[in-house]
Amino acid sequence: MTPLLRVAGLTKHFQLRHGVVFERGQGVLRAVDGASFNLKEGETLGLVGESGCGKSTVGRMLLRLVEPTAGSIEFEGQDLLRLDHEALRSKRRHMQIIFQDPYGALNPRMTVEEIVREPIEIHRTMDRSAASRRVAELLERVGLAAEHSRRYPHEFSGGQRQRIGIARALALSPRFIVCDEPVSALDVSIQAQIVNLLQDLQDELGLAYLFIAHDLGVVKHISDRVAVMYLGEIVELAPKRSLYAEPLHPYTQALIAAVPEAKPRAARRRAAISGEIPSALNPPPGCRFHTRCPHVMPICRAVAPPATEPSPGHRVVCHLYPATPP
């Protein structure tokens, strides 16, 4: 089956002007370096890692809200980086985003109806009367009442605002949604409700998600596969069960060890990560994780490890798992 989304070598380097951010002469911020993954129709790929590792930049590049430095993004068989403005605008109807901050993502001067209806008006997919009916339908689908449409964002709680953001993302009947940490700003009790809503919508509408998060507990609940990022690189990618049962990369092992367990088992305990994450302005040579890795070897400090697949569908970038000779 052809993937709905195919990403290869996706890279984003931000060129910084002298004297603005840096003082030591490094002029390139390596936000994302060579990310590659596929996403099937109706699948959820979790993208996890520490703050600043490049997760959100990946999500925004997929929609070309941030222009990549290099790589390719194929959606429905078309390379988005080769599309002109009009063709990209048309394709964006099928690709949407849910933002992290439900307080900052909604225009406070617009009513809920205007917010949800705006994508429909921009793309001119239906007349005003049909658009109003569509807004009422969407609000009810995400758990809000149709009469809420005349209210303003400040009249709602954080969880309700995120539901409005989800309704807006659904307005054009997309096939793929980037969920950029959609629950991290919400109370724990509300997080579960939003995650369950996203799963119900996926089952009903056949949506594919890139679910960006730093909470591995949430990712475990919603994802089919999980990609782990560290300092701009995807260091491990595997089916959810495989990754949580037998994580291969030392960074993944440390992340999973930090997830609270109701009944912790001694056999599952692993060393926590020590040290600080290096700067993306000057990433370490060789393996980028070697400055914090408990299994570091001399080769790690000098040579970047290749991507290998120790078991089917389980990809890891680490010298502990050398490539199998042909």
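Modeller: Helix α5 passes helix α6 in a right-handed crossing. This description rests on a predicted model. The axes of α5 and α6 (residues 188-205) come within 10 Å and cross at roughly 20°. Because angles under 35 degrees count as roughly parallel, α5 is roughly parallel to α6. On the α5 side, the contact is formed by Gly-159, Gln-162, Arg-163, Ile-166 and Leu-170. These residues meet Ile-190, Gln-193, Ile-194, Leu-197, Leu-198, Leu-201 and Leu-205 of α6. Sorted by class, the contact of α5 with α6 comprises eight nonpolar, three polar and one charged residues.

Helix α5 also has a contact with helix α3. The axes of α3 (residues 112-123) and α5 (residues 158-170) come within 7 Å and cross at roughly 30°. That angle makes α3 roughly parallel to α5. Here, too, the crossing is described as right-handed. From α3, the residues that make the contact are Val-112, Ile-115, Val-116 and Pro-119. Those contributed by α5 are Ile-164, Ala-167 and Arg-168. The contact of α3 with α5 has six nonpolar residues, no polar residues and one charged residue.

Arg-117 has a relative accessible area of 6%, and because buried means under 20% relative accessible area, Arg-117 is classed as buried. With neighbours within four places in sequence left aside, Arg-117 is in contact with Arg-128, Ala-131, Ser-132 and Val-135. After α3 comes Arg-124, which has a positive phi, near 55°.

To return to α5, this helix also lies across strands of a sheet. The strands concerned are β6 and β7 (176-180), and α5 runs at about 175° to β6. The open sheet in question consists of eight strands in the order β6-β7-β8-β3-β9-β10-β12-β11, with mixed pairing. Strands β6 (95-98) and β11 (307-311) stand at its edges. Each of these two has a single partner strand, so one side of each is left without a neighbour in the sheet. From one strand to the next, the twist averages 20°. Within this sheet, strands β10 (residues 233-239) and β12 (residues 314-317) pair in the antiparallel sense over two bridges. Glu-236 stands opposite Val-316 of β12. Another helix, α9 (residues 250-257), lies across β9 (225-230) and β10, and its direction is at about 110° to β9.

The pairing of β1 may be described in detail. Strand β1 (residues 5-15) is joined to β2 (residues 28-39) over eight bridges in the antiparallel sense. Arg-6 has Asn-38 of β2 as its bridge partner, and Phe-14 is bridged to Leu-29 of β2. Thr-11 stands opposite Ala-70 of β4.

As for α1 itself, six of its eight residues are buried, so this helix is largely enclosed by the rest of the structure. The buried residues are Lys-55, Thr-57, Val-58, Gly-59, Met-61 and Leu-62. Arg-64, which follows α1, has a positive phi, near 60°.

Technical notes. Residues are numbered from 1 along each chain as its sequence is written. This is a predicted model: local features need pLDDT of at least 70, side-chain atom pairs count only at pLDDT 80 or more; totals for chains, interfaces and linings use all residues. Side-chain values use heavy atoms; hydrogens and water are left out. Two strands pair if DSSP finds at least two bridges between them. Helices (H or I, at least four residues) and strands (E, at least two) are DSSP runs, numbered from the N terminus. Axes are lines fitted to C-alpha atoms, for helices over the stretch in contact, and angles run from 0 to 180 degrees between N-to-C directions. Angles under 35 degrees count as roughly parallel, over 145 as roughly antiparallel, 65 to 115 as roughly perpendicular and the rest as oblique. A crossing is left-handed if the near helix is turned anticlockwise from the far one by less than a right angle, and right-handed if clockwise. Contact means heavy atoms within 4.5 Å. Ala, Val, Leu, Ile, Met, Phe, Trp, Tyr, Cys and Pro count as nonpolar, Asp, Glu, Lys and Arg as charged, and the others, Gly among them, as polar. Buried means under 20% relative accessible area, exposed over 50%, partly exposed in between (1.4 Å probe, protein chains only).
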